[in-house]
Amino acid sequence: MDLGPHAAFIIAAYVMAAVVVLGLIAWVIADYDAQQRVLADLEQRGVTRRSQKSEAA
Amino acid sequence: MALVGPNGSGKSSLLRLIAGLLRPSAGWIELQGGDAERSVPEQAHYLGHLDALKPSLTVAENLRFWTRYLGEQTAALDEPLAATGLGGLADLPAAYLSAGQRRRLSLARLIAVPRPIWLLDEPTSALDAGGQGRLADLMREHLATGGMLIAATHGPLGIDAGELRLGGAA
Amino acid sequence: MTALSALLLRDMRLAVRVGGGALMGVLFFLIVVTLVPFAVGPDLAQLRRIGPAILWLGALLASLLTLDRLLAADHEDGSLDLILMGGTPLELAVLAKAVAHWVASCLPLVVATPLLGLFLNLEPLAIGAVALTLLAGTPALTCIGLIGAALSVALRRGGLLLPVLVLPLTVPVLIFGVAASNAAVAGPMSFGAPFLILCALSLGSLVLGPFAAAAALRHGLE
Amino acid sequence: MALIDLANPTRFLALAARVLPWLAAATALAFAAGLYLVWFTTPDDYQQGATVKIMFIHVPNAWLAMGVWTVMSIASIGTLVWRHPLADVAAKSAAPLGAAFTFLALVTGSLWGRPMWGTYWVWDARLTSVLVLLLMYLGVIALWRTVDDPSRAGRAAAILTLVGAVNLPVIKFSVDWWNTLHQPASVLRAGGPAIHPAILTPLLVMAIAFVLLFVTLHLAAMRNEILRRRVRSMWLMQAHAAQGA
């Protein structure tokens with residue numbers, strides 16, 4: 001599977017693709033964890049949302 | 001000292017003059033018994049109509065900035081926040097505060113950084129009954145520690161204070 | 001010292017938060033540089049010749065973009081009054097704000113220069129030269145802009161006054177910035193001469209800017 | 001599952017939690033198949049040799065760059081016309097993904113062009129309009145980042161997105177015209193006269209893989225945005241609750 005003279009560019013393209021895709025996945029997961037942490041902290045402090053209140057009432 | 005008088009009689013201007021935010025065309029401002037090295041504005045707190053708070057910063061960040069900028073590097077924040085009823089809101093971005101809460105956060109700044117002179121421009125505006133009671137207590141405490149207080153106000157201050165009537169044309 | 005570092009830290013944190021102006025400058029720089037080939041045409045040789053000039057003009061305008069908010073924002077919410085009453089001298093406080101603005105707005109421009117250099121088909125040497133001259137020249141732009149910001153705050157005249165006041169003052173910085181960049185590539189003279197003058201301009205403005213801005217603020221008090 | 005049922009964020013979160021693992025698995029599978037086909041079965045192009053392999057990344061991303069703006073435009077109509085509560089969440093969470101795919105299309109396009117043109121960037125008509133699209137993506141993201149209140153920002157971004165959508169063909173036409181004005185049609189043939197099946201199938205598989213990736217990431221990003229709005233409403237509740245103090 002000889003990549004010919006421009007092998008560097010092909011590999012660079014696929015590496016760049018991997019970097020961007022993995023970056024996106026990592027960003028989504030990190031953002032999810034961050035929001036969960038803040039939510040848990042707020043709920044632990046007893047702040048309830050209106051809709052939760054209506055469900056509870 | 002309560003500054004009273006109709007609108008536009010120069011109450012705010014006098015307060016800003018003492019705070020060094022206005023240039024007197026003649027005369028000078030002097031503080032007897034204050035710290036000689038520090039200028040009058042450096043020994044005064046000014047609470048204007050604007051609350052000097054950044055909406056994108058949290059309550060704690062706002063207060064910590066002002067305490068560090070105005071000189072108290074290691075002041076603990078929870079005591080002033082508790083005194084102004086903002087104890088539970090430390091991590092809340094200031095954008096979500098109501099007008100009354102913003103005003104109380106400014107008050108917390110006055111407590112966190114002890115300075116002898118308090119210059120209050122209509123401090124009771126935007127404060128509800130509870131807030132005004134709390135303000136009266138804070139003012140009494142400040143006076144008890146030998147501090148000086150000049151407040152421009154329309155209604156009663158809730159504490160006994162001398163009265164300086166400005167622009168008393170009537 | 002911590003009072004100034006507190007101010008520096010707060011300003012940088014504000015620039016990054018939602019509503020802060022940090023990346024606006026870079027985005028404007030990117031768009032301005034992308035527009036030029038549409039006007040000038042995609043001829044790579046021509047773009048290469050005027051590349052440094054385009055990058056410098058883009059950076060100059062981008063750095064001015066967010067400058068008028070530098071003092072106006074604090075003036076509008078009352079922070080400026082309290083900064084005036086702080087223990088630290090006004091000159092240093094204003095300098096701290098200028099440094100925060102430089103880090104939040106001008107450093108990203110320098111970082112973005114290599115990417116934009118590709119669009120203008122500049123060879124690596126020219127890209128390096130432009131980035132270096134921008135690094136040396138943007139402090140001057142910020143400090144001169146600081147004077148304009150202080151004047152426009154003191155005179156209550158909003159943002160439009162700032163560019164008109166400041167742009168003539170930035171002409172030397174522009175001249176030596178572009179001259180140094182071109183000298184590095186094809187110029188008759190050496191890269192050193194204009195570059196050193198550029199650094200001198202920056203150092204000078206680091207002193208002149210804060211003093212003039214502080215004076216403008218003090219005299220601007222109504 | 002009518003669209004209206006999805007309007008309720010809590011139900012959407014439940015659906016997302018259920019569907020996301022499956023979608024992620026499907027995406028991984030599609031990528032594995034695509035990459036296998038690309039690296040082990042496709043012949044080299046008679047002109048470009050092995051560099052045609054870059055096309056399998058470049059073309060799907062270029063399609064996706066346009067596709068995501070279309071998704072954002074539909075979501076914008078949902079915000080402005082049908083007042084669908086999750087529409088601006090969808091639009092806001094799609095923008096960064098669209099920008100990333102557009103950036104990837106640009107980078108791979110430049111890398112693909114490098115062997116032929118000798119420079120990383122030639123103001124080729126297709127690449128230039130993708131660049132303008134990237135600037136529009138960054139503009140919408142910048143708009144989202146300056147306004148804190150989601151509903152106000154949502155409506156503003158929706159209008160900008162729709163205006164952008166209307167302008168895209170105009171930009172495409174004017175850039176093409178601008179390009180032919182100065183240069184003979186560039187050599188970069190994305191489509192090629194007739195794609196040989198050996199190249200077409202991997203291309204389609206890779207395209208499906210990238211679309212699946214987008215759907216997965218979009219769902220996850222929407223979930224994050226809903227959680228972010230819950231945090232915001234809880235902050236409001238917290239401030240309101242403390243009002244009495």
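These legends go with close-up views of a predicted model.

View 1. Chain A runs to 57 residues, and 30% of them count as buried. Its accessible surface comes to about 3500 Å². Carbon and sulfur atoms account for 66% of that surface.

**View 2. Chain D and chain A bury about 3300 Å² between them.** Of this buried area, 80% lies on carbon and sulfur atoms. Three residues of chain D stand out: D:Trp39, D:Met234 and D:Met237. They supply 21% of the area that chain D buries against chain A, more than any other three residues. The contact takes in 31 residues from chain A and 38 residues from chain D.

**View 3. A:Asp31 and D:Arg228 form a salt bridge.** Their side chains meet at 2.3 Å, N to O. The rule finds one salt bridge across the interface of chain D and chain A. Polar contacts between chain D and chain A come to three residue pairs, with both residues at pLDDT 80 or more.

**View 4. Helices of chain D face chain A.** Four elements of chain D each give two or more residues to the side that touches chain A: α1 (9-40), α2 (55-80), α3 (87-117) and α6 (197-241). The largest share, 16 residues, comes from α6(D). By class, this side of chain D has 27 nonpolar residues, six charged residues and five polar residues.

Conventions. Residues numbered from 1 in each chain as written. Chains lettered and ligands numbered in written order. Predicted model: local features only at pLDDT ≥ 70, side-chain atom pairs only at ≥ 80, totals over all residues. Heavy atoms only, no water. Buried < 20%, exposed > 50% of the residue type's maximum accessible area, 1.4 Å probe, protein only. Areas by Shrake-Rupley, 256 points an atom, 1.4 Å probe, with all protein chains shown as cover. Contact = heavy atoms within 4.5 Å. Buried area = accessible area lost by both parts, 1.4 Å probe. Salt bridge = Lys/Arg side-chain N within 4 Å of Asp/Glu carboxyl O. Polar contact = N/O pair within 3.5 Å; in protein donor to acceptor, adjacent residues only side chain to side chain. Nonpolar A, V, L, I, M, F, W, Y, C, P; charged D, E, K, R; others polar.
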